[in-house]
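Please keep the sequence and the model in view while reading.

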Amino acid sequence: MEKTIITDKFNRPLRDLRISVIDRCNFRCQYCMPADQFGPDFEFLPRSALLTYEEIERLGKIFVQLGVKKIRLTGGEPLLRRDLPILIEKLAAIEGLSDIGLTTNGVLLPKLAAKLKEAGLKRVNISLDSLDDELFGKINGRGIGTGPVLEGIQAAKDAGLGVKLNMVVKKGLNDQDIIPMAKFCKEKGLELRYIEYMDVGSTNGWKMDDVVTKKEIYEMLKAEFELEPVDPAYFGEVAKHYRYKGTDVNVGFITSVSESFCSSCTRARLSANGQIFTCLFNGNGHDLRNFMRNGASDEQLFGRIAEIWNGRNDRYSDERTAETNKNRKKIEMSYIGG
């Protein structure tokens with residue numbers, strides 16, 4: 001099959017693919033997998049329902065033929081998937097794929113960072129929502145302090161991986177940590193990305209009153225630091241970047257609530273059980289796993305994915321209202337990754 005560039009109803013190309021490799025996690029973060037919803041009796045996907053590494057590799061090759069340049073592995077917590085470096089090695093060998101990243105809570109990186117780097121992983125996005133041990137333990141729902149995550153950050157740096165930190169900001173919970181996190185990351189030379197608390201899924205109790213907007217965070221930072229804007233590195237880049245003046249350290253914002261970026265969204269998401277989703281806020285997936293397991297050829301898979309993307313008209317964040325948030329079917333973050 002020759003490489004084909006496909007576009008959706010708004011002429012947005014397919015460039016980025018997020019692949020959830022597992023729906024389980026060792027944390028119970030309030031904005032993703034709250035413990036009262038994902039308790040000891042919660043039924044996660046059986047192993048047979050998960051895409052195998054060979055199936056992910058096969059789909060990865062087809063997505064690259066359709067224009068994908070970057071793949072990010074997500075979960076749940078992707079490092080809980082056994083032998084993950086094997087998958088990364090398979091994906092790294094795909095001709096035309098320029099970047100492989102991974103989103104993680106970082107706890108398992110001390111054991112795995114070097115192996116992941118050797119397999120071909122380029123970078124990691126590590127979640128850290130507070131530097132206060134007690135509050136961080138409350139947020140992650142497991143009482144785990146910051147120590148294991150900080151060790152994971154160091155392990156990733158030591159292995160030669162690119163490292164970015166993600167901080168989800170929720171009003172009244174951790175907004176007092178906005179400046180301490182900025183100071184910590186600036187001192188350590190780490191890019192920090194503030195993520196507006198989003199209405200993903202239906203279990204996190206989201207309401208607009210809990211959102212701290214990019215404008216509010218920026219004003220707080222501007223009172224402490226000199227910031228200068230940084231141009232986007234490529235079409236479809238999600239984060240809006242600034243640089244601390246006189247340094248090469250960036251700080252970014254992911255603004256899907258207050259400043260939507262639907263018009264330049266180039267991302268598709270593949271769930272752990274093989275459904276493709278064309279928007280983080282759209283709960284209507286398209287089953288590729290059974291289509292593949294029922295004998296579909298590469299050409300048929302190619303055609304099916306192209307058909308799905310060509311028909312895509314998602315622009316949820318552009319259209320967000322109290323009613324759309326209330327009535328729209330959504331997929332849980334733990335099922336599809338970020």
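## Basis of the report

Arg 267 lies in strand S10, residues 267-270; helices (H or I, at least four residues) and strands (E, at least two) are DSSP runs, numbered from the N terminus. The structure is a predicted model, in which local features need pLDDT of at least 70, side-chain atom pairs count only at pLDDT 80 or more, and totals for chains, interfaces and linings use all residues. Residues are numbered from 1 along each chain as its sequence is written, and side-chain values use heavy atoms, with hydrogens and water left out.

## Annotated binding-site positions

In an unreviewed UniProt entry, the annotation "binding site" covers Arg 18, Arg 72, Thr 103, Lys 164, Arg 267, Ala 268 and Arg 269. UniProt positions are given in the numbering used here, feature names are shortened, and annotations may be inferred rather than shown by experiment. Arg 267 has a relative accessible area of 3% and is therefore buried, where buried means under 20% relative accessible area, exposed over 50%, and partly exposed in between (1.4 Å probe, protein chains only). Arg 18, in strand S1 (residues 16-20), is also buried, at 11% relative accessibility.

The unreviewed UniProt entry also places a "binding site" feature at Cys 262, Cys 265 and Cys 279. Cys 262 counts as buried because its relative accessibility is 10%; Cys 265 is buried with a relative accessible area of 10%. Beyond its neighbours within four places in sequence, Cys 265 is in contact (heavy atoms within 4.5 Å) with Arg 12, Pro 13 and Arg 312.

Side chains of opposite charge can pair when their charged atoms come close. A salt bridge is a side-chain nitrogen of Lys or Arg within 4 Å of a carboxyl oxygen of Asp or Glu, and a search of the whole structure finds 13 of them.

Asp 8 forms a salt bridge with Arg 12 (2.6 Å, N to O). Arg 12 is buried at 2% relative accessibility, and Asp 8 is buried at 6%. Asp 8 also forms a salt bridge with Arg 312, the closest N and O atoms being 2.9 Å apart. This pair links distant parts of the chain, 304 residues apart: Asp 8 is in the segment before S1, and Arg 312 is in the loop between helix H9 (298-310) and helix H10 (316-319). Both Arg 312 and Asp 8 are buried.

Glu 54, Glu 57, Lys 61 and Lys 90 are linked in a network of salt bridges. One of its pairs, Glu 57 and Lys 61, meets at 3.9 Å, N to O. Both residues lie in helix H1 (residues 53-65), four residues apart, about one turn of the helix. Glu 57 is buried, with a relative accessible area of 18%, whereas Lys 61 is partly exposed at 44%.

## A buried lysine without a salt bridge

Lys 70 is found in strand S2 (residues 70-74). Lys 70 is buried yet has no salt bridge, and the nearest side chain of opposite charge, Asp 99, is 4.6 Å away. For charge, Lys and Arg count as positive and Asp and Glu as negative, while His and the chain ends are not counted. Leaving aside neighbours within four places in sequence, the contacts of Lys 70 include Arg 15, Leu 17, Asp 99 and Tyr 234.
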